[in-house]
Amino acid sequence: MEALSPSVCTMASKPHPPLMKKHSQTDLISRLKSRKVLGVGGEDDDGEVHRSKISQMLGNETKFAVREPIGLRAWILISAVGFTVMALMALVFPNQLYELVFEEELSTTSVSVRLYGGALLSLSLIMWNGLYTAEKIVIQWTLLSEACYFAVQFLVTSVTLIELGILPNAAMLLLLSRILFLAVTMSFYYHLGRRPKKI
């Protein structure tokens, strides 16, 4: 067997230097410095504290949690049920629905009233979706769609009554209810869009 050279023997027998252990205090300070450089850990403009850069960029799930006005979900439920019932009435009993509002028989085909029922049914699906969502933007668009419907229905019904030259009690009640429903819906929309005051 060959003899090992003296240099190899000295390298093998030389003890390794002890590993340097980082002090926990130094480690904590360096982590805080790193987080400060990355821009995380502190409060942002909305008063939120982000734990990582990813949550800062994408936003926290709690950020989308909405502080809802009292009665909002009940109002959306009432609207969803009301739109669904009116849609089914327009689809199944178009002539009777027309006679109920305008107090005269439908002179033309009932297709237009059935199409109205189909549009209402589509809006009711938006209402049902708005009832179960937690996202603020979806609820706002649901309320805005409802408000737009009430405004358009008020205008169309008013013009139709002027053209017919009649003013039945049922139609007047419908017009007044549309104004009331529009006011309630826009009130919820306004309060939902307001940012809470910081204390």
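# A chat about an all-helix model

Visitor: What does the secondary structure of the protein come to?

Guide: The secondary structure comes to eight helices and zero strands, and read along the sequence the pattern is α-α-α-α-α-α-α-α. Please keep in mind that this is a predicted model.

Visitor: Okay, and what share of the residues is buried?

Guide: Of the 199 residues in the protein, 27% are buried. The accessible surface comes to about 14700 Å², and carbon and sulfur atoms account for 67% of that surface.

Visitor: Let's go to the aromatics. How many aromatic pairs does the structure hold?

Guide: The structure holds six aromatic pairs. One of them joins Phe 83 and Phe 150, whose ring centres are 5.9 Å apart and whose planes stand at 65°, so this pair is classed as edge-to-face.

Visitor: Why edge-to-face?

Guide: Because the planes of Phe 83 and Phe 150 stand at 65°, and the class edge-to-face begins over 60 degrees.

Visitor: Which helices do Phe 83 and Phe 150 lie in?

Guide: Phe 83 lies in helix H4, residues 72-92, and Phe 150 lies in helix H7, residues 136-164, so the pair ties together parts that are 67 residues apart in sequence.

Visitor: Phe 83, buried or exposed?

Guide: Phe 83 is buried, with a relative accessible area of 6%, and Phe 150 is buried as well, with a value of 3%.

Visitor: And how are the rings of Phe 150 and Phe 181 arranged?

Guide: The ring centres of Phe 150 and Phe 181 are 5.5 Å apart and the planes are at 50°, so this pair counts as tilted. Phe 150 belongs to helix H7 and Phe 181 to helix H8, so here the pair ties together parts that are 31 residues apart in sequence. As for cover, Phe 181 is partly exposed, at 27% relative accessibility.

Visitor: Which residues do the ring pairs link into a cluster?

Guide: The cluster linked by ring pairs holds Trp 75, Phe 83, Tyr 149, Phe 150, Phe 181 and Phe 188.

Visitor: Phe 102 is in H5, I guess. Which residues are buried there?

Guide: In helix H5, which runs over residues 94-102, the buried residues are Pro 94, Leu 97, Tyr 98, Val 101 and Phe 102. They cover an arc of only 105° around the axis, which puts them on the same side of H5.

Visitor: What happens just after H5?

Guide: Just after H5, Glu 103 takes a positive phi of about 55°.

Visitor: New topic: how many salt bridges does a search of the whole structure find?

Guide: The search finds one salt bridge. Glu 68 forms a salt bridge with Arg 73, and the closest N and O atoms are 2.5 Å apart. Glu 68 counts as partly exposed at 29% relative accessibility, and Arg 73 counts as partly exposed at 23%.

Visitor: Which residues form a nonpolar patch on the surface?

Guide: Leu 77, Val 81 and Val 85 form such a patch, with about 220 Å² of accessible area together. Leu 77 is found in helix H4 and counts as partly exposed, at 39% relative accessibility.

Visitor: What about Trp 141, buried or exposed?

Guide: Trp 141, which lies in helix H7, is exposed, with a relative accessible area of 55%. The C-alpha atoms of Trp 141 and Tyr 189 are separated by 8.8 Å, although these residues are 48 residues apart along the chain.

Visitor: Last one, where does Leu 176 lie?

Guide: Leu 176 lies in helix H8, residues 169-193, and is exposed, with a relative accessible area of 52%. From C-alpha to C-alpha, Leu 176 and Phe 154 are 8.7 Å apart in space, while in sequence they are 22 residues apart.

Definitions and conventions:
Residues are numbered from 1 along each chain as its sequence is written. This is a predicted model: local features need pLDDT of at least 70, side-chain atom pairs count only at pLDDT 80 or more; totals for chains, interfaces and linings use all residues. Side-chain values use heavy atoms; hydrogens and water are left out. Helices (H or I, at least four residues) and strands (E, at least two) are DSSP runs, numbered from the N terminus. Buried means under 20% relative accessible area, exposed over 50%, partly exposed in between (1.4 Å probe, protein chains only). Rings of Phe, Tyr and Trp (its six-membered ring) pair if their centres lie within 6.5 Å; planes under 30 degrees apart count as stacked, over 60 as edge-to-face and the rest as tilted. The arc is that of the directions from the helix axis to the C-beta atoms. Patches are made of residues with over 30% relative accessible area and no salt bridge: like charges are joined within 9 Å, nonpolar side chains (Val, Leu, Ile, Met, Phe, Trp, Tyr) within 5 Å. Accessible areas come from the Shrake-Rupley method with a 1.4 Å probe; for residues, only the protein chains shown count as cover. A salt bridge is a side-chain nitrogen of Lys or Arg within 4 Å of a carboxyl oxygen of Asp or Glu.
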